[in-house]
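Subject: A structure for you to look at

Hello,

I am passing on the structure we talked about, and my notes follow below it. Please have a look at it first, then read on.

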Amino acid sequence: MKFMINCDEATAICDKSQYGEATLYDKIRLSFHLLVCKYCKTYSKQNNLMSQLFGKHLSPCDGSEKLTKEEKLELENKLQKELKGK
Amino acid sequence: MPDKVKHTLDPNKWISQYADYLYNYAITRVDGQEIAKDLVQETFFSGIKGKDNYRGDAAELTWLVSILKRKIIDHYRKINSAKGQKEVRMSFYDEGQKKGNWIEERVPQSWGNEAEKEIENTELKNALDACINKLPEKYRMVFLLKTVQQYETEEICNELDITPSNLWVIIHRARLQLRICMENNWFKN
């Protein structure tokens, strides 16, 4: 794999590293690219901030979404019809 | 070890026992409550149609989840081929001498020094949600599963029948899109 990477590849590695899944070689290539590219350096900095934002404002589904009683009843009726149709 | 327990199906109890679980499962993966509800309903219907094929190896819920997973994948196939789907714009030149370079209008702009202090803001959450909802559904789902639900890469790939490199391309494009959306709608003002 070549050492010099373009901006598309650099930002892709940057994204992957947000999940701790970039390889060491990837990270070295990225660091080198960031030395010579101010656009990607800006991207990288903002990407870290974006990750913080995601962590702060997006919470995993905790099982709190529920169907309403009416929705369940409706579903129950349809299901019973289907069962009898057999 | 005792002999494997044989499981049985009892469709009369499905709604009360599993509807909420399946609904939650679906809603983290598709865009909208209505679609999630429909998928749960279809799952139960398929379960009834296929109940003679149930061999009792897996618990009832596991079996229903496996049906729902297939419904979700089918749903993605359908929307991927549908016209008028939301698009992800390119951020880099994809051919020629400039291949892989930033397209000028997509180059990251400075967000100023205030950006980092603002992340507690509740309006910011709304802006973020709006940007996420502008992603094509498949991108939105892969991004959320990976970033928010923190699923393993392998798990997502198995579930959605994609390769790890597909997954990272999707994550990359989703994050590029989210970054520029937040830049235009929040940080630049």
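Let me start with one contact that you can find by eye. A:Glu71 and B:Lys37 join their side chains in a salt bridge, with 3.2 Å from N to O. Altogether, four salt bridges run between chain A and chain B. Please keep in mind that this is a predicted model, so a word on confidence comes further down.

**Where the two chains meet**

The contact draws 44 residues from chain A and 57 residues from chain B. Between them, chain A and chain B bury about 4,700 Å², and carbon and sulfur atoms account for 67% of that area. Three residues stand out on one side: A:Tyr19, A:His57 and A:Leu79 provide 14% of the area that chain A buries against chain B, more than any other three residues.

There are also polar contacts to explore, with 18 residue pairs counted between chain A and chain B, both partners at pLDDT 80 or more. Which helices of chain A each bring at least two residues to the side that touches chain B? They are α1 (7-17), α3 (38-57) and α4 (69-84). The biggest share comes from α3(A), which gives 15 residues to that side. Sorted by class, the side of chain A that touches chain B is made up of 17 nonpolar, 13 polar and 14 charged residues.

What does A:Leu83 touch, once its neighbours within four places in sequence are left aside? Its contacts are B:Pro11, B:Asn12, B:Ile48 and B:Lys51. By way of contrast, A:Gln52 is 31 residues from A:Leu83 in sequence, and their C-alpha atoms are 49 Å apart in space.

**Aromatic pairs**

Over all chains, the structure has 10 aromatic pairs. One of them is formed by A:Phe3 and A:Tyr25, a tilted pair with 6.4 Å centre to centre and 40° between the planes. A:Phe3 sits in the segment before α1 of chain A and A:Tyr25 in helix α2 (residues 24-36) of chain A, so the pair ties together parts that lie 22 residues apart in sequence.

The model has an ipTM of 0.81 and a pTM of 0.78. Chain A has a mean pLDDT of 91, and 94% of its residues reach 70 or more. Within chain A, confidence is highest in α1(A), at a mean of 98, and lowest in α4(A), at 90. For chain B the average pLDDT is 88, with 94% of the residues scoring at least 70. In chain B, helix α7 (residues 164-187) has the highest confidence, at a mean of 95, and helix α3 (residues 60-81) the lowest, at 85. Where pLDDT is low, the predicted coordinates should not be read in detail.

Happy exploring, and best wishes

Methods
Residues are numbered from 1 along each chain as its sequence is written. Chains are lettered from A and ligands numbered from 1 in the order in which they are written. Side-chain values use heavy atoms; hydrogens and water are left out. Contact means heavy atoms within 4.5 Å. Buried area is the accessible area (1.4 Å probe) that two parts lose on being put together, summed over both. A polar contact is a pair of N or O atoms within 3.5 Å; within protein, one must be able to donate a hydrogen and the other to accept it, and residues adjacent in sequence count only if both atoms are side-chain atoms. Helices (H or I, at least four residues) and strands (E, at least two) are DSSP runs, numbered from the N terminus. Ala, Val, Leu, Ile, Met, Phe, Trp, Tyr, Cys and Pro count as nonpolar, Asp, Glu, Lys and Arg as charged, and the others, Gly among them, as polar. pLDDT is the predictor's confidence in each residue, from 0 to 100. Rings of Phe, Tyr and Trp (its six-membered ring) pair if their centres lie within 6.5 Å; planes under 30 degrees apart count as stacked, over 60 as edge-to-face and the rest as tilted.
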